[in-house]
Amino acid sequence: MDETISLLPFIESGGEGFLLDIPVLDSDRNLFQGYSYPFQIVDKGQHLSIIVKAGLKINDADRFKSLFLLVQRDDYPILPDDLTPFTNVSIDRIWLETIQSYSKDKNVFIVPKQLSREGKATAFRSLFYCKKQQKFFHPPCPECGTELDLCQDDTLLISKSLPPFSTSLKRYLFCSRCHAAKTNYEFYQFSRSADDLIFTKDRFDLIKDFSKLRSAVSSSFPCP
Ligand SMILES: [Zn+2]
Ligand SMILES: [Zn+2]
């Protein structure tokens, strides 16, 4: 599995350091791509990313510095084009070039490890937000509590009749641990589309499946 970075230590920590503050809006009035997006979107004009308002704070004190987060979209509003197909691999390359370019800009903060010494970009681990508990968390496997991974294994995806990661824009979360143990074969995508060849669960199904989690499995899982 590819290495990932967690944004969680920047959002919450036991220490006294600076923290990333991502303010939540009145979620009902903030519809984005057909669902209520709880954060303040400053720019949604780009196909691959959005810009979200954030800031720096110390523990629960007020935000003292504003900043903006460049965030990958959950879903890309891009129509398939057979001549110049956009794929996850091309998007990863664009992120790498973007990070490399911004890393020379003193006004831009790049999270350590985001750009490795070998010049490779490291992606962030998928982050969910519980509106009720107002907490971020990495989505756990409903069966074993291990954090779900983005599946980039084309062979595995093809064996499940799912579009490969490298030649499509489809992205699926899955549990590599349960998969190896042959106990959970579920693949979750952000949202189903009419051109899906086979049925897979989506984010709403995953949230429903979280009810299967036994309390002990994941200490960072916030929902009761
Ligand atoms: Zn699992
Ligand atoms: Zn919750």
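Where is Arg192 found? Arg192 sits in the loop between β13, residues 187-188, and α5. Before going on, please keep in mind that this is a predicted model.

I'll stay with Arg192 for a moment. Is Arg192 buried or exposed, or something in between? Its relative accessibility is 35%, so Arg192 counts as partly exposed.

Next, its surroundings. Leaving aside residues up to four places away in sequence, Arg192 touches Phe199, Thr200, Lys201, Asp202 and Asp205. Two of these neighbours also come up as polar partners of the Arg192 side chain. With Asp205, side chain meets side chain, in a polar contact of 2.8 Å. One more distance: Arg192 and Arg203 are 11 residues apart in sequence, and their C-alpha atoms are 9.3 Å apart in space.

Now to the metal. Which residues coordinate the zinc ion, ligand 2? Cys130 and Cys223 do, each through its SG atom, at 2.1 Å. This pair links distant parts of the chain, since the two cysteines are 93 residues apart. Cys130 belongs to strand β9, residues 128-130, while Cys223 lies in the segment after α5, which spans 203-209.

How do the two cysteines stand in terms of accessibility? Buried means under 20% relative accessible area. Cys130 has 9% relative accessibility, so Cys130 counts as buried. Cys223 has a relative accessible area of 27%, and is therefore partly exposed.

That covers the loop arginine and the zinc site.

Key:
Residues numbered from 1 in each chain as written. Chains lettered and ligands numbered in written order. Predicted model: local features only at pLDDT ≥ 70, side-chain atom pairs only at ≥ 80, totals over all residues. Heavy atoms only, no water. Donors = N, O, S within 2.8 Å, 3.2 Å for Na, K, Ca; no water. Helix = DSSP H or I, 4+ residues; strand = E, 2+ residues; numbered from the N terminus. Buried < 20%, exposed > 50% of the residue type's maximum accessible area, 1.4 Å probe, protein only. Contact = heavy atoms within 4.5 Å. Polar contact = N/O pair within 3.5 Å; in protein donor to acceptor, adjacent residues only side chain to side chain.
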